[in-house]
Amino acid sequence: MRVNGRHYRAVQWHADSGGVAWIDQRQLPHRFVEVVSQNPETVAVAIEQMQVRGAPTIGATAAYGLALAWSQDRARFFSHWLPRFRATRPTAVNLFHACDQLQQHAGDDPDVRTMIDCAQAYADAEVAANRAMGEHLAALLAVGERRILTHCNAGWLAAVDWGTATSGIYQLAAAGELPFVWVDETRPRMQGARLTAWELQQQGVDCALQADGAAAWMMAQGRVDAIVVGADRIAANGDVANKIGTYALALAAQAHNVPFYVAAPSSTFDAATSCGADIPIESRDDDELLHMDGVDADGVHREIQVAADVDANNPAFDVTPFHCVTAIVSEQGIWQQEQADET
Ligand code: MRU
């Protein structure tokens, strides 16, 4: 998508330097910083530190990082680099699909160019899937007053380009509709406040930020026409792992008869995991709840403590059972509750 008139992807191959380039998402919305690295370890750390995040972007970053590792340290590709990238984050299955794909290609002992092309093809396929999924989603969202609620960031930053949940919103806007988005701030890392609100603003889509706890109340008042979220992993039975707070949203949506849509490319589907209970849920540092960071009035970046000195509980994801989901939308089409009942 465009930032200040220039087209960017969240992560891409940097041909000039033979490295990987990404946007450091921790710095947004205050600073737009592109990082370029020729070091595969730096790429793995970028995933761990959530400089890049969001399931499809994590997968594409690992693909590029592995191509880089192949170009520099082929002897340790299988013994070191594949396990290194697989260990960066546990929940988004796209990471493992990307690693599997690069592993399979490496088995043929290709030249470096072929491995870079493989990573590029992986990322391009994600972008094409997002675009196609957005068309299906836009058709579903083109109802009522188009007041759409979203959680976390399932935008282009999270998905290389276009986004998953936002792809439908951007396509509605491009068709001349006027979607309005309620953006959940998404405690504790504030991906909604920092990233989704910024993205929507950059693309000229009207939105308002709200506390996570406001969502159910807005539904109760009849001020939400649909909810769209992304996913980190969808089990074979349709259970959806996504950012913590998604399950509560789905329950409230059911209570208030608001359609609850999940948008995800095929790379987020995990046929090998039968149900949500088997999805590994990442538990993150207490610090994310106890502290916050941002810029002060002088533009100086500061971290402050916002909580008492206590232990914290910080599951990063939750699982929404498929029976709470109105439809899952991918590039292949729409998977609805009634279809699942028939199978
Ligand atoms: O911890 P994060 O920021 O990587 O979590 C991201 C999410 O939960 C997104 O909703 C999900 O990856 C969908 S991305 C299109």
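Trainee: Which polar side-chain atom lies 2.8 Å from an oxygen atom of the ligand?

Mentor: One is in D232, at 2.8 Å from a ligand oxygen. A polar contact is a pair of N or O atoms within 3.5 Å; within protein, one must be able to donate a hydrogen and the other to accept it, and residues adjacent in sequence count only if both atoms are side-chain atoms. The side chain of R89 has an N or O atom 2.8 Å from a ligand oxygen. Q191 also places a side-chain N or O atom 2.8 Å from a ligand oxygen. This is a predicted model: local features need pLDDT of at least 70, side-chain atom pairs count only at pLDDT 80 or more, and totals for chains, interfaces and linings use all residues. Residues are numbered from 1 along each chain as its sequence is written, and side-chain values use heavy atoms, with hydrogens and water left out.

Trainee: Where are the cis peptide bonds of P29 and P188?

Mentor: Read omega. From L28 to P29 it is near 5 degrees. From R187 to P188 it is near 0 degrees.

Trainee: What is the phi of N4?

Mentor: Positive, about 50 degrees, although N4 is not a glycine.
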